[in-house]
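Good morning, and thank you for coming.

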Amino acid sequence: MQKQKNFQLAVIGVLAFAVLFMSVGFAAYSSVLNINGTANVSANKWSVHFDTDTYQLGDGSVNEADISVSDTAVEYTVDLEKPGDYYLFSIDVVNDGTFGAVLDKITMTALTEAQKKYLTYTVKYDDQTYTASADSLSIALPTTTGANRKNVTVKVTYVQPANSDDLPSEAVTVNLAAAFDYSQAE
């Protein structure tokens, strides 16, 4: 019995030594790696907007019945009573932010075939005239003073159709829109 007890103590001792040896061996083969750092982020701002002080009604244009001009929208209602009447205004888009912007696309209301016979709708941006939506533009609007503004001119004209039957027989309301999509310049 004493022999058996000594044997059990010897086995327990060998196992304890094995566990201790394995933990020391494991500790010898383990490592902890750390990365520490500090990032300082500068203050910046995104500020592409209409310069409301530059809104101007064009020469010969009919007066708007209702107008609202804000940093992000121009909303108008006009009455075009006869062929030859038009509504024309201009306003500047400004980049007062701290990094460049790019005009990616202009989305415009598409006139129906019937409306095209008596109405034209154009948007002029930076001396380029658009009569329909345009994708993949990539027109820079930097922050550099002087280059940080682009002029937008909108014109809606009641035109004389080739055939008098194409004139509207009753008053027509046409909702027009143009959206300018900007993103950060790379």
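Of the contacts in the protein chain between residues at least 6 apart in sequence, 75% join residues at least 24 apart, where contact means heavy atoms within 4.5 Å. This is a predicted model, in which local features need pLDDT of at least 70 and side-chain atom pairs count only at pLDDT 80 or more, while totals for chains, interfaces and linings use all residues. Residues are numbered from 1 along each chain as its sequence is written, and side-chain values use heavy atoms, with hydrogens and water left out.

Let me turn to the overall form. The protein chain has two helices and ten strands; these are DSSP runs numbered from the N terminus, with helices (H or I) of at least four residues and strands (E) of at least two. The radius of gyration is 36 Å, well over the 16 Å that the globule rule gives for 186 residues, so the protein chain is more spread out than a compact globule. That radius is taken over C-alpha atoms, and the rule is 2.2 Å times the number of residues to the power 0.38. Along the principal axes, the C-alpha atoms fill a box of roughly 125 × 40 × 25 Å.

I now come to strand β5, residues 101-108. Strands pair if DSSP finds at least two bridges between them. β5 pairs in the antiparallel sense with β8, residues 139-141, over three bridges, and Leu103 stands opposite Ile139 there. β5 also pairs with β10, residues 178-184, in the antiparallel sense over seven bridges; here Thr107 faces Ala179.
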